[in-house]
Amino acid sequence: MTPRRARSWGRKGCTPVVRVRGRGSGRVSMAGLTCYKRGKRSRMFYSVREYRGREGEPKGIGWRDLRDLLVRTHMQLGGPIVLVWDNLRMHLVEPMREFIADHAHWLSVFQLPSYPPDLNLQEGF
């Protein structure tokens, strides 16, 4: 969305052209949890990662970041967590599955099906 050229002040009759880089400044990734409890206000916990293109810098949120977010959320809530997840690749990696199995006493995960045609009302007609 940044223009390739920008105009600036210059001498009369000579319009200077200032070159502007068209490259963006990076990307921002976010993972979040919304927590609901009957009779209480809803809460949101989130983790943000900014990517600027530096060498060795992770491009997005990985399974370790998600694990840390779950642990911080559990510590702040002080109770069990029930997750409803889609089939994002990060949710299905082996280290994440091991973490879920090791913490099954406070962490329950329900995986949504990848494609439920019986729940799609448009396909019934």
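A salt bridge is a side-chain nitrogen of Lys or Arg within 4 Å of a carboxyl oxygen of Asp or Glu. In the structure above, Asp68 forms one with Arg67, where the closest N and O atoms are 3.3 Å apart. Welcome to this protein chain, which is a predicted model: local features need pLDDT of at least 70, side-chain atom pairs count only at pLDDT 80 or more, and totals for chains, interfaces and linings use all residues. Residues are numbered from 1 along each chain as its sequence is written, and side-chain values use heavy atoms, with hydrogens and water left out.

**The chain as a whole**

- The protein chain has three helices and six strands; helices (H or I, at least four residues) and strands (E, at least two) are DSSP runs, numbered from the N terminus.
- Along the sequence, these elements follow the pattern β-β-β-β-α-β-α-α-β.
- Of the 125 residues in the protein chain, 19% are buried; here buried means under 20% relative accessible area, exposed means over 50%, and partly exposed lies in between (1.4 Å probe, protein chains only).
- Among contacts with a separation of 6 or more, 47% are between residues 24 or more positions apart, a contact being heavy atoms within 4.5 Å.
- The accessible surface of the protein chain is about 10800 Å², and 52% of that belongs to carbon and sulfur atoms; accessible areas come from the Shrake-Rupley method with a 1.4 Å probe, and for residues only the protein chains shown count as cover.

**A nonpolar patch on the surface**

- Val28, Met30, Met44, Tyr46 and Val48 form a nonpolar patch on the surface, and together they have about 540 Å² of accessible area.
- Patches are made of residues with over 30% relative accessible area and no salt bridge, with like charges joined within 9 Å and nonpolar side chains (Val, Leu, Ile, Met, Phe, Trp, Tyr) within 5 Å.
- Strands β3 and β4 (43-51) each supply at least two residues of the patch, and the largest share, three residues, comes from β4.
- Val28 has its place in strand β3, and Val28 counts as exposed because its relative accessibility is 60%.
- Met30 also lies in strand β3, which covers residues 27-35, and with 51% relative accessibility Met30 counts as exposed.
- Leaving out residues up to four places away in sequence, Met30 touches Met44, Tyr46, Ser47, Val48 and Ile61.
- Met30 and Leu66 are 36 residues apart in sequence, and their C-alpha atoms are 9.9 Å apart in space.

**Helix α3 and its two sides**

- Helix α3 spans residues 94-102, and its buried residues are Met96, Phe99 and Ile100.
- Seen down the axis of α3, these buried residues fall within an arc of 100°, so they line one face of the helix; the arc is that of the directions from the helix axis to the C-beta atoms.
- The buried residues of α3 pack against α1 (63-77), β5 (81-85), α2 (89-92) and β6 (107-111).
- On the face of α3 turned away from its buried side sit the exposed residues Ala101 and Asp102.

**Salt bridges**

- Side chains of opposite charge can pair when their charged atoms come close.
- Searching the whole structure turns up three salt bridges.
- One of them joins the side chains of Arg49 and Asp65, at 2.8 Å from N to O.
- This pair links distant parts of the chain, with Arg49 in strand β4 and Asp65 in helix α1, 16 residues apart.
- Arg49 is partly exposed because its relative accessible area is 24%, whereas Asp65 counts as buried at 18% relative accessibility.
- Asp65 touches Arg49 and Gly60, not counting residues up to four places away in sequence.
- In another salt bridge, the side chains of Glu50 and Arg52 meet at 2.6 Å, N to O.
- Both partners are partly exposed: Glu50 has a relative accessible area of 42%, and Arg52 has one of 39%.
- Back at the pair of Asp68 and Arg67, Asp68 counts as partly exposed at 32% relative accessibility, and Arg67 is partly exposed with a relative accessible area of 25%.
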